[in-house]
Amino acid sequence: MVNSHSEIVVNNRSYKWPDRPLVVICLDGSEPDYMALAMEQGFMPYLKKTLPQGTSTIANCVIPGFTNPNNMSIVTGTPPKVHGICGNYFYDKENDAEVMMNDPKFLCADTIFAEFAKAGAKIAVVTAKDKLRLMLGSGLQVEAGKIICISAEKADLATQQDNGIDRLLDFVGSPLPDVYSGELSEFVFAAGIKIVDKYRPDLTYLSTSDYVQHKFAPGTPAANQFYAMIDRYLAQLDAAGVTIALTADHGMNAKTDAQGNPDIIFLQTLLDNWFGENKTRVILPITDPYVVHHGALGSFATIYVEDAAILDDVLSRISTLEGVMVTLPREQGCQRFGLMESRMGDILVVSTKHKVLGTSPDRHNLSALKEPLRSHGGISEQRVPFMLNRSTTGLKEEGQLRNFDIFDAALNHVS
Ligand SMILES: [Zn+2]
C-alpha cells in the first residue's frame, strides 16, 4: 500500500511524500561555528560548494538543549510539551525515583518515521549511542531491509529480527567503534551511506554523538578533521541522489573560568545551606549513562521544592546568583520553553554562557575530564545550523525557525 501521493499527517503537521530519498542528519553538539570555520579553512569543500545553491540558515533548538529532548523533537516535529521528553533524565515524582528518559514508554507523540512506515515507506534510523535507538524506533515494526533501526554502539549485536539488518560490521566494513570516540559518529555515516546505496530508504535519520564537540572548540585541528570526515560522507550521500537536511540537537560552549577550571554553581549545596537538607531536590536533565565527557554538568536545571512556603524565597535567591540567566516558576518556564509541566520541577534554571549548574561537588566525577569543560543545555547553546543541499522557499525566519522544522523544510519547502 504505497501511498505515495498523499500527505502524511503526524502530530497535526502534514508532510509530503519525498520526491527522492531523504536523509535527515542530527549532528550532535554542532555549534554553528564548527562548520562555518571548517568551511572557511578549507575542510568542508563539498558543503562550501553546495550551500550557495542549497539552504543554509540558523534554527533554535529546544531548551533544555540536551540530546534526547531535541532528537525527539526533530523526529516528531513537535516541542517537548507534546512528546514529553523534557530531558535525558527526570524525577518521576509519583514513584519517587530519578530515572533516565530512554524508554519509549515516556514518549507521548508519534514519530514521523512510524507514520510514514504505516503508509508503506522504507525507513532507516541510525544512531550513535544505543540510548536513543529504542525511542527513535518507537512505533516502528522492524523488517529486514525495509525498516532498519540500529546504533553504532551496539552494531555488533544487530539482528534481522531486532534491527532489520545483521552482520552489520561486515556490511559497513568497519570495526566496532568505542562509545567515547569520534569513530562512533563516523560509523553512523559509514552505515548510512551503505544503507542508502543498498536499500534506498525513503527516509533515513542519522544521529551522531557530541564526543568531539565536548572536547574540541570550533576551528581547532581535531574539530576540523572531524568535520572534514563528515564532509566526505555528505558528498557521497549527495552523489547517491538524496536530499540532505542537516541540523543539530544543541550547540556547545566552553564552561570554564579564567583559569580554565569548570565554572560550576552547585545548586543543591547552596539550597541545603540556605534551607536545610531534603527541602529541595535539584535535577540535572543532562545526566545520562555517558557522563565521562561532561561530568553531568550543563546549563539547565530544575528544582523540586518540597515545602511550598519556601518557593518564593528559593526563586528569588537563585535568580540573584551570579551566572544564572533565567529563573522561572514551572508554569511560566514550561510556557516559555514549550515543556510538559508534569515532567518539570517547581523551578527552571538556566545558567549563562560559560557557567554550568551542578548539584553538589561529591556528585560530579570530573576525574575523567581531560580537556577544559565544554557543555550545553542553555539559551547560549540554542542556535544550531539548518542546512539542505537543495534550495527551499517559504521557510520561517531565523529566530522563528526550530530544529524540529527540518522534516517540514525537506518534505514541504524544497523548491
Ligand atoms: Zn547532544
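Trainee: What makes strand β10 mostly covered?

Mentor: In this predicted model, 5 of the 5 residues of β10 (residues 243-247) are buried. A residue is called buried if 20 or more other C-beta atoms lie within 10 Å of its own.

Trainee: How do you know that both faces of β10 are covered?

Mentor: Take the two sides in turn. Thr243, Ala245 and Thr247 are buried on one side, and Ile244 and Leu246 are buried on the other.

Trainee: Which strands pair with β10, and in what sense?

Mentor: Strand β3 (residues 22-26) pairs with β10 in the parallel sense, over 5 bridges. Thr243 of β10 is the bridge partner of Leu22. β19 runs antiparallel to β10, and 3 bridges join them. There, Leu246 has Met387 of β19 as its bridge partner.

Trainee: What is Ala410 in contact with, leaving aside its neighbours within four places in sequence?

Mentor: Its contacts are Leu22, Val24, Thr243, Ala245 and Leu388. Thr243 and Ala245 are on one side of β10. Ala410 also has a place in the largest nonpolar core, where Ala410 and Phe113 have the most contacts inside the core.

Trainee: How many residues are in that core, and where does its largest share come from?

Mentor: The core has 125 residues. Helix α9 (residues 182-199) gives the largest share, 9 residues. Domain 1 (7-251 + 382-412) and domain 2 (264-375) each supply at least three residues of this core.

Trainee: How many residues are in contact between domain 1 and domain 2?

Mentor: On the domain 1 side there are 24, in contact with 27 of domain 2. To count as a contact, two C-beta atoms must lie within 7 Å. α4 (80-83), β5 (89-92), β6 (97-100) and α10 each bring at least two residues to the side of domain 1 that touches domain 2. The largest share of that side, 4 residues, is from α10. Sorted by class, that side has 14 nonpolar, 5 polar and 5 charged residues. As for the domain centres, taken over C-alpha atoms, 28 Å separate them.

Trainee: Let's turn to helix α1. Why do its buried residues line one face of the helix?

Mentor: The buried residues of α1 (residues 32-40) are Tyr34, Met35, Ala38 and Met39. Looking down the axis of α1, you find them within an arc of 115 degrees, so they line one face. Among the elements that cover them are α2 (45-50), α10 (211-215), α11 (221-239) and β19 (383-388).

Trainee: What follows α1?

Mentor: Gly42 follows α1, and its phi is positive, near 85 degrees. Gly42 lies in the loop between α1 and α2.

Trainee: Why is Gly42 called exposed?

Mentor: Gly42 has 10 other C-beta atoms within 10 Å. The cut-off for exposed is 12 or fewer, so Gly42, with 10, is exposed. Gly42 and Pro52 are 10 residues apart along the chain, and 16 Å separate their C-alpha atoms.

Trainee: Why does Gln225 count as partly exposed?

Mentor: Gln225, found in helix α11, has 15 C-beta neighbours inside 10 Å.

Note on methods: Residues numbered from 1 in each chain as written. Predicted model: local features only at pLDDT ≥ 70, side-chain atom pairs only at ≥ 80, totals over all residues. Arc of directions from axis to C-beta. Domains from an automatic or database assignment. Nonpolar A, V, L, I, M, F, W, Y, C, P; charged D, E, K, R; others polar. Core = buried A, V, L, I, M, F, W, Y, C linked by C-beta atoms within 7 Å. Pairing = 2+ DSSP bridges.
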